[in-house]
Amino acid sequence: MLNLLIIGLIIMTIASLMLIIVNLISKKTFMDREKMSPFECGFDPKSSARLPFSLHFFLIAVIFLIFDVEITLLFPLVMSLKYSSLGNYFIIMTVFIMILILGLLHEWKQGALEWTS
């Protein structure tokens, strides 16, 4: 038992040293001007800060967040399948998917998904 502990400690020490050495000699440690400059939402930080922000970026981001949260709501429904009947599960999923489709159609009709310059 003690021998396994010592061998494990030696292997972890060697692996840690190897990771440190690889990190020191990797090319990621070399900094150039692009890596040292901040990146602010696709805007050049050295230009004027008063540029107009496109509303389409904001709308697409909000739509993505809404659908991302709704996808996370689907996981508990899948897990509850073994505790409910198939008919109830089908009705709940159909209503949920219809709400998603109606929301998507509403956004489409409002023109939020059209990318015009």
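Colleague: Which helices each supply at least two residues of the nonpolar patch?

Modeller: This is a predicted model. The patch covers about 1000 Å² of surface. Its residues include F57, I60, I97 and W108. Those supplying at least two residues each are helix 3 and helix 4.

Colleague: How many residues does helix 4 give to the nonpolar patch?

Modeller: I101 is a patch residue, and its place is in helix 4. Helix 4 gives the most to the patch, and its count is 7 residues.

Colleague: Is helix 3 roughly parallel or antiparallel to helix 4?

Modeller: Helix 3 spans residues 55–79 and helix 4 spans residues 86–110. Their axes lie 12 Å apart, at an angle of about 175°. Angles over 145 degrees count as roughly antiparallel. Therefore helix 3 is, relative to helix 4, roughly antiparallel.

Colleague: How many charged residues does the contact of helix 3 with helix 4 have?

Modeller: Helix 3 brings residues including F67, E70 and L73. Helix 4 brings, among them, F96, L100 and E107. By class, the contact has 12 nonpolar residues, no polar ones, and charged residues numbering 2.

Technical notes: Residues numbered from 1 in each chain as written. Predicted model: local features only at pLDDT ≥ 70, side-chain atom pairs only at ≥ 80, totals over all residues. Heavy atoms only, no water. Axes fitted to C-alpha atoms, helices over the stretch in contact; angles between N-to-C directions. Helix = DSSP H or I, 4+ residues; strand = E, 2+ residues; numbered from the N terminus. Parallel < 35°, antiparallel > 145°, perpendicular 65-115°, else oblique. Contact = heavy atoms within 4.5 Å. Nonpolar A, V, L, I, M, F, W, Y, C, P; charged D, E, K, R; others polar. Patch = residues over 30% accessible without salt bridge, like charges linked within 9 Å, V, L, I, M, F, W, Y side chains within 5 Å. Areas by Shrake-Rupley, 256 points an atom, 1.4 Å probe, with all protein chains shown as cover. Salt bridge = Lys/Arg side-chain N within 4 Å of Asp/Glu carboxyl O.
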